[in-house]
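This report describes selected features of one protein structure. Please keep the sequence and the model in view while reading.

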Amino acid sequence: LRIIPLGGFNKIAGMSDEEELNERSFLNKPVRSRLLVISAGALMNFLLAFLLLWGIVFSTGISSVLPDPIVGGIIKNSAAAEAGIEPGDRIISVGNTPVNRWIDIPEAIEAHQREVVPVVYERDGSRITVDTIPKTDEKTGRTLLGVMPSIQTKYVGVGEAAHFAVNRIVDLGTMMLTGLYRMVSGTEKAELAGPIGVAQLAGQAASVGFVNLLTFTAILNLLPIPMLDGGYIILILLEGITRRKMPKKALYYIQMAGVIILGAMFIFALVQDISRF
């Protein structure tokens, strides 16, 4: 089973009654010691994510989208590229809709799917009008002009970078837990990535830049993997509360249920990976 790329694996001495136990064995340690050992993996994931995000923010700054409708970049082969719009141009209107903020552009374009629509932009103090035909993104179905916003980067000190990293981890953790709840409750489509999907995502992040790869690694380390360390933590806490170890038969069924759930998730994710090809 260890050849399956599900992550790291540690075999701790004395985790099973079937082994020869001594005073150093895991099962003979007090509850608080076992809880600390099992929690260490999950805690290190959060610590690694914090250190990565802290380093990224401190070295590259905090990037934010400017609210003004000033073009920061052009998507290749898009309607904007064909119309001659360039970075630095300010979008004035789309069709009959005036544009005052960047968020006004997607709303105005959406109303002109596959239609000829005049776009007015300003360059070097002069206003230019061009006719464009917005294109539809095949993956999302959204109508796009093909312009990207201007990005502002703010460089911060060590303390502010650490504060931002903590807040970001809390936001990511909340977002992931909310997403898992919605998938389990059926309010959102369940989408998982197996080894193939994870490798693809890592490759895509690395192709954009090393900072993106580090960010992806941080997010990946925050993903909660059920029925592994989390399951052990619950069982140890129950033992600490009840002051007695769980019966072997009950422990066996709980572990088997965990293996079945984890195996089903792995197969489901692998099938989704293959279907994406």
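## A residue and its core

Ile105 touches Pro69, Ile91, Val99, Leu145 and Val147, leaving aside residues up to four places away in sequence; contact means heavy atoms within 4.5 Å. Ile105 also belongs to the largest nonpolar core, which has 18 residues. A nonpolar core is a set of buried Ala, Val, Leu, Ile, Met, Phe, Trp, Tyr and Cys residues joined through side-chain atoms within 4.5 Å. Buried means under 20% relative accessible area, exposed over 50%, and partly exposed in between (1.4 Å probe, protein chains only).

Two or more residues of this core come from each of helix H2 (79-83), S3, helix H3 (104-110) and strand S5 (117-123). Helices (H or I, at least four residues) and strands (E, at least two) are DSSP runs, numbered from the N terminus. Another core, of six residues, lies apart and includes Phe50 and Ile169.

## Basis of the model

The model is predicted: local features need pLDDT of at least 70, side-chain atom pairs count only at pLDDT 80 or more, and totals for chains, interfaces and linings use all residues. Residues are numbered from 1 along each chain as its sequence is written, and side-chain values use heavy atoms, with hydrogens and water left out.

## The sheet

Four strands form an open sheet in the order S4-S3-S5-S6, with antiparallel pairing. Strands S4 (97-98) and S6 (126-132) stand at the edges with a single partner strand each, so one side of each has no neighbour in the sheet. Two strands pair if DSSP finds at least two bridges between them. Ser93 stands opposite Pro98 in S4.
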